[in-house]
Amino acid sequence: MSKTAEATGDATGEAPKGKKPIVMIIVVILLVAGSAGGTWFYMQSLMDQMEGGEAAEVPEPIPAPILLPTVFHELEIFTVNLMPEEYNQFLQVGLTVKTTELPEVEEEITKQMPAIRNRILILLSSKTAAEISSATGKQQLSAEIADEIRETFDSRERQAHVLEVLFTSFVIQ
């Protein structure tokens, strides 16, 4: 091997001994710069989302109501035909809505009662007996009814005051 080959490192295919630290430093600098740039772009996209940019908007959570006394609103009995399975069945259910005791919430329930009943009737008639016979099915149905009642309210603050829906009777025939 010639002296020039040893000096440049051509014979072994490696960089000369004096250039290895420089190459390593350049690689480290490129890695740091690349990760810093990626972080900057990621943070910019988060800031755009927070400022209402083009990203999908996250719905605001329903605010938790201040601890207030509760009141129960009993609804008339609902009797509906269930979705047919083997044979036609019907459901007769009594419901009570638990809300916080605020006059504006009580007024809203009274004012929206036709819409509330309509939404509940449509929901109940879309179910099968198998879906709502189990305890889990009843709990899920209760949560869905509460959501339907909340949907009739015009403000998120009032929606938060609908706490839960309770079954007072439940008959499937």
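**Reading the model**

Mentor: Buried means under 20% relative accessible area, exposed means over 50%, and partly exposed is what lies in between, using a 1.4 Å probe and counting protein chains only as cover. Before we go on, this is a predicted model, where local features need pLDDT of at least 70 and side-chain atom pairs count only at pLDDT 80 or more, while totals for chains, interfaces and linings use all residues. Residues are numbered from 1 along each chain as its sequence is written, and side-chain values use heavy atoms, with hydrogens and water left out.

Trainee: Which residue forms a salt bridge with Lys127?

Mentor: In general, you look for a side-chain nitrogen of Lys or Arg within 4 Å of a carboxyl oxygen of Asp or Glu. Here Lys127 pairs with Glu144, and their closest N and O atoms are 2.7 Å apart. The pair links distant parts of the chain, 17 residues apart: Lys127 sits in the loop between H4 and helix H5 (129-133), and Glu144 in helix H6. The H and E labels are DSSP runs numbered from the N terminus: helices (H or I) have at least four residues, strands (E) at least two.

Trainee: How many salt bridges does the structure hold?

Mentor: Six. Another one joins Arg158 to Glu108, with 2.9 Å between the closest N and O atoms. Arg158 is in helix H7 and Glu108 in helix H3, so this pair ties together parts that are 50 residues apart in sequence. Arg158 also bridges to Asp154, at 3.7 Å between the closest N and O atoms. Put together, Glu108, Asp154 and Arg158 make a network of salt bridges.

Trainee: Glu108 belongs to H3, you said. Which residues of H3 are buried?

Mentor: Val105, Glu108 and Ile109. On the face turned away from them are the exposed residues Pro103, Glu107, Thr110 and Lys111. The buried side is covered by, among others, strand E1 (70-74), E3, H4, H6 and helix H7 (156-159), where a contact means heavy atoms within 4.5 Å.

Trainee: Now H4. Which residues are buried there?

Mentor: Ile116, Ile120, Leu123 and Leu124. They sit on the same side of H4, because their arc around the axis is only 95 degrees. Pro114 and Ile122 are exposed on the other side of H4. Cover for the buried residues of H4 includes strand E2 (78-81), strand E3 (90-100), helix H3 (103-111) and helix H6 (135-152).

Trainee: Which residues does Arg117 touch?

Mentor: Arg117 is in helix H4. Leaving aside residues up to four places away in sequence, Arg117 touches Glu76, Ile77 and Phe78. Arg117 and Leu75 are 42 residues apart in sequence and 8.5 Å apart in space, C-alpha to C-alpha.

Trainee: And what is the secondary structure of the whole chain?

Mentor: Seven helices and four strands, running α-α-β-β-β-α-α-α-α-α-β along the sequence. Of its 173 residues, 27% count as buried. Among contacts between residues at least 6 apart in sequence, 71% join residues at least 24 apart.

Methods: The arc is that of the directions from the helix axis to the C-beta atoms.
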